[in-house]
Amino acid sequence: MAQLLIFVLSLCFFAHSVLGSIPQPFFPPHPANFSTACLEFEPLKYVSNATLNVHEFVAAGTTLQFPGTDPSCGTTNQTVSVDICRIALNVSTSDRSGIIFESWMPRSWTGRLLATGNGGIDGCIKYDDINYGNRNGFSAVGSNNGHNGTGGSTFLHNPEVLKDYIYRSLHTITEGGKNLTTAFYSAPANNSYYLGCSGGGRQGIKAAEMFPEDFNGIVVGAPAVNFNNMTSWRASFFGKTGASTSPNFIPAGAWQGFIHDAVLKQCDTIDGAADGIIEDPTLCDFRPEELICSSGQNSTKCLNEAQVEIVRSVLSPLYGSSGELVFPAMQPGSEVQAVQRLYSGTPFSYSLDWFRYVVYNSSTFDDTHFSDSDITAAQALNPYNVQTYPSNLSNFTGTHKGKLLIFHGQQDEKITSFSTERFYNHLASGMELHSSQIDDFLRYFRISGMSHCSSGPGAWMIGQSGPGSMSFYPETNVLAAMVQWVEEGIAPDTILGMKFVNDSAAKGLERSRRHCRFPYRNTYIGGNASLQRSWECMLYE
């Protein structure tokens with residue numbers, strides 16, 4: 001196994017040396033006295049309506065503590081990888097709203113700016129993503145998106161906080177980050193990039209739609225586009241599964257055990273390899289009726305007819321009152337993780353909060369009887385066009401020449417990967433472009449066996465975050481691939497993903513796979529399915 005790891009990594013270094021590396025401009029401001037330069041810097045001159053929260057030099061290896069972070073964010077500290085100048089500001093966005101803005105500027109700067117997103121409906125700063133950017137030479141920024149914690153109660157009767165969440169916060173920190181970076185390094189960033197997943201994915205698409213000049217390259221994962229309908233889709237699961245106390249509720253053990261086994265039995269080998277991963281779930285037409293208990297069968301290993309219909313409903317698209325498609329189906333294979341939230345027999349908290357504090361402005365809303373009227377209400381309201389479902393991005397991709405890279409795990413348990421394929425086709429139709437033309441500005445990678453944004457049994461490590469990165473080479477890292485695309489004009493055709501045993505590099509490589517750009521499909525051609533050379537990207541009409 002160790003030899004396999006060395007072989008794969010050697011390939012990466014070989015490709016890096018042969019194909020050329022990403023340009024690494026080096027702008028060390030005041031190299032001999034970086035800490036002094038940091039502390040003498042006056043950030044309030046460059047960001048309007050701001051007050052200073054933190055201003056400090058932070059040495060590499062220091063673990064920062066964030067005692068004021070909302071406990072629901074789950075982040076209380078961050079170890080800093082390189083020397084940085086840290087600026088934390090409170091920025092007023094109206095007389096009723098404001099954001100917490102973090103700008104971290106590294107000693108060794110590559111001339112690039114990275115803005116980071118959030119997730120869900122939350123206001124949790126992604127300190128790890130900011131540090132990930134610094135580690136790779138970016139001046140990096142992030143924010144709490146206008147509110148603290150993972151809930152939405154602060155949206156109640158406050159459209160200004162809602163506006164920050166939907167678009168204003170990211171735009172504000174991007175402009176502020178550019179100003180601070182220019183002033184501190186005495187040179188503007190050559191290029192600006194964005195990195196975010198899930199709700200952060202929606203933020204990136206919204207930025208391309210509303211502020212096309214903000215970024216040269218945008219990398220988003222599992223984007224929460226078609227937001228209103230996605231929120232309704234998530235809310236619908238409680239009605240489908242029933243409460244955890246209902247007589248036909250399907251427990252987590254069943255989903256993770258014999259139901260998942262049945263899904264793999266029917267669909268795992270469609271791609272030709274029995275490896276526990278459904279390479280392309282769009283080809284899987286799971287038939288749950290085979291799980292109906294036969295006479296005398298142990299009911300802990302099978303389902304009654306009502307439960308079979310629950311499974312069928314859970315894996316079906318959501319339709320509206322007129323039969324229109326509201327949101328695509330959950331892809332089979334994601335049930336192992338989906339039991340934690342969507343299949344748990346409890347309301348999905350993000351959806352519940354959205355309907356309570358935004359759609360109906362009533363904290364007493366109960367989605368026990370969620371219906372078509374709720375779907376219609378959410379879509380009709382659509383505050384500040386949070387829907388984020390553009391059919392044309394030519395302002396971003398035209399004269400600005402912006403680039404967009406999207407990835408989505410094909411075992412995502414929170415946002416079905418079928419949504420991103422639908423969005424891709426929605427753009428293609430709206431812009432009247434064929435996939436070969438879309439390739440000029442958009443690359444979409446389907447990451448088989450990856451859960452929501454990261455983890456899973458597949459080769460999920462593609463450089464989407466610090467924990468998901470082993471190197472900063474375009475062949476293995478989506479952010480590095482975007483940098484090379486923007487700065488050298490070399491677009492990525494594949495992304496080499498990796499999976500370590502128990503997600504621990506010390507235990508060796510479990511599998512590697514080159515993930516293909518859509519609409520190419522990764523096709524098994526024989527040999528050890530854990531090796532990248534056993535797969536090939538093929539285009540099927």
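A disulfide is a pair of cysteine sulfur atoms within 2.5 Å. By this rule the count comes to 6 disulfides, one of which joins C197 and C453, with sulfur atoms 2.0 Å apart. The structure is a predicted model, in which local features need pLDDT of at least 70 and side-chain atom pairs count only at pLDDT 80 or more, whereas totals for chains, interfaces and linings use all residues. Residues are numbered from 1 along each chain as its sequence is written, and side-chain values use heavy atoms, with hydrogens and water left out.

**Terms**

- Helices (H or I, at least four residues) and strands (E, at least two) are DSSP runs, numbered from the N terminus.
- Buried means under 20% relative accessible area, exposed means over 50%, and partly exposed lies in between (1.4 Å probe, protein chains only).
- Contact means heavy atoms within 4.5 Å.

**Disulfides**

- A disulfide is a covalent bond between the sulfur atoms of two cysteines.
- The link between C197 and C453 is left-handed, because the torsion about its S-S bond is about -100 degrees.
- This pair links distant parts of the chain, 256 residues apart: C197 lies in strand β8 (residues 191-197), and C453 lies in the loop between β13 (442-447) and α15 (478-488).
- Both C197 and C453 are buried.
- C267 and C284 are also joined, with an S to S distance of 2.0 Å; their disulfide is right-handed, because the torsion about the S-S bond is about 70 degrees.
- C267 is buried at a relative accessible area of 2%, and C284 counts as buried at 10%.
- When the bonded cysteines of the protein are numbered in sequence order, the pairing is 1-3, 2-4, 5-10, 6-7, 8-9, 11-12.

**Helix α10**

- Helix α10 (residues 349-359) is largely enclosed by the rest of the structure, because 9 of its 11 residues are buried.
- Among these buried residues are W354 and F355.
- The cover over the buried residues of α10 includes α4, α6 (227-241) and α11 (372-381).
- Just after α10, N361 takes a positive phi of about 50 degrees.

- T174 belongs to helix α4 (residues 159-185) and is buried, with a relative accessible area of 0%.
- Leaving aside neighbours within four places in sequence, T174 is in contact with L113, A115, D214 and F215.
- G142 belongs to strand β7 (residues 138-143) and is buried, with a relative accessible area of 1%.
- Not counting residues up to four places away in sequence, G142 touches I100, F101, E102, T116, I130 and I173.
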